[in-house]
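I opened the model today and kept short notes. My entries follow the order in which I looked things up.

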Amino acid sequence: MSTMAMPQPTASEAAVRYLITNYSPKGNKVGWLMMASILVEAWDLYSIAFVLIFIKEQYNPDPLMLGLAAAGTQGGALIGALLGGWLSDKIGRRVMFLVTMVLFIVLALAQAFVPNVTWLIVIRFLLGIPLGSDISTGYTYIMESMAKGEREVMGNRWQFMFAVGEVLTIGVIVIFLLTDMQHEMLWRVTLGLGALPALIILVMRHDVPETAVWLVQKGRYREAKQVAREMFNDNLDMLPNHDVEVPKVSTRAFLADLKKDPIRWRATVYGWIACFAQGSEFSTFAFYLPVLFVMVGVSSVLGINLVTMALFSFAALSGWVGPLLTPKIGHRGIAIAGFGIVLASLLVAAFALYTDNKILLPFAAAAMLWGHYWDASNCMTIPTMVAKPKYRGTASGFAYMFVKLPSFLAIFLFPTVFAAIGQANATLMVAIFPLIGLLAAIFILPEVYGYEND
């Protein structure tokens, strides 16, 4: 009986498969360096929530302008996610994460000197572009520089880093409040301080090399071998010692390629749904927690900041525990548990608002944040991990678009919804998002922990 010979992989394909399936001794360090940039994003995205009251006090903008000031960075990040992911595949991971940090430093400082709310909106929109780009590039780098299993745990830690950034932001603002800093100085210094961690990260990233996988894909074999020796202590002997010309990849083929593999397609579709669901649930209920607490009279402004800092400290613990549990219960397990907890918590929060139970509301918020930091942990990891290396930047940016679109719309429009239908009804309405995420985790997501793709 004759058998059909399987086509032999090219040297490039063999090298990529080898890099993806083997370990990286320095990958964990590099992974943390990529994750560190989330501190910068968290600072800028959420510091505005705590200083809006002072911006309103100084300029008294209408609700539309105030909403745009809060949501402007999210809108810019929507563009940055798509553009940055595409450019990451075209010109390289290293170039992109260096450029994005430089842009962020300049724009973060610029927003501290704006003369009015209009300019604040413009600067914050531009600031969002490098922020969105950096996340998609960072995820791509992690998936190409760490071993399977390890890369997923690291990727799932992005919510932990967000929580740490939020706690640091609130802590600094609390210190400023305790020192009776003049309110205009407070919000300007708070927004401008985001440039400091960005500068530190830029210096630390300066010597990080391009990923060997990307270099192989581009036919730059000599550089790939050098990077592999430095990072993996491996010479990639399957590659020749000279560069080659490789066909250019059309990113338009990204979606068509996904549909060829049902596992990758279902996992990616789940990732998009989960990104949209978790972005919506957070940017409505959780983002406006300080405002909600003030509106229902939970405590003073300083007290609100302290309560919120305690909540996000609790959330940071959840963001640390979730990734550690992922190898044990899988991506499906952490997603189902996370969305289920958020759904139940929002129902309890709505009940607390309906019954004017001020004591119950912070506990419901704590449970909601615990669940959120689980259900959001892998929505970026999964689509980036299962994508083919040549589309990985595009896949990461495309997924992050599904985070930023609802985040922009929710932060911009949710105060209007609050005013129109009331806090309790609005909170009950938000519960639809974790319900959608829960159903997607149960019926769409295949278990892809440890998935290999070349």
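Entry 1, a tryptophan. I looked up W86 and found it in helix 3; helices (H or I, at least four residues) and strands (E, at least two) are DSSP runs, numbered from the N terminus. I noted W86 as partly exposed because its relative accessibility is 36%. Buried means under 20% relative accessible area, exposed means over 50%, and partly exposed is in between (1.4 Å probe, protein chains only).

I am reading a predicted model, in which local features need pLDDT of at least 70 and side-chain atom pairs count only at pLDDT 80 or more, while totals for chains, interfaces and linings use all residues. Residues are numbered from 1 along each chain as its sequence is written, and side-chain values use heavy atoms, with hydrogens and water left out.

Which residues make the nonpolar surface patch of about 610 Å²? I listed I79, L83, W86, W119, V122, F125 and L126. Helix 3 (63-91) and helix 5 (117-145) are the elements that give two or more residues to this patch. Helix 5 gives the most, with four residues. For the term, I wrote down that patches are made of residues with over 30% relative accessible area and no salt bridge, with like charges joined within 9 Å and nonpolar side chains (Val, Leu, Ile, Met, Phe, Trp, Tyr) within 5 Å. A salt bridge is a side-chain nitrogen of Lys or Arg within 4 Å of a carboxyl oxygen of Asp or Glu. Accessible areas come from the Shrake-Rupley method with a 1.4 Å probe, and for residues only the protein chains shown count as cover.

I found A399 in helix 18 (residues 392-421). Is A399 buried or exposed? A399 counts as buried because its relative accessibility is 0%. Leaving out residues up to four places away in sequence, A399 touches W272, C275, M380 and P383; contact means heavy atoms within 4.5 Å. From A399 to C379, 20 residues apart along the chain, I noted 7.9 Å between C-alpha atoms. I then turned to M380, whose contacts beyond four places in sequence include I135, Y139, W158 and A399.

pLDDT is the predictor's confidence in each residue, from 0 to 100. The protein chain averages 84, and 91% of the residues score at least 70. Over residues 1-8 the pLDDT is below 50, and this stretch has zero contacts in the model beyond near neighbours in sequence. Where pLDDT is low, the predicted coordinates should not be read in detail.
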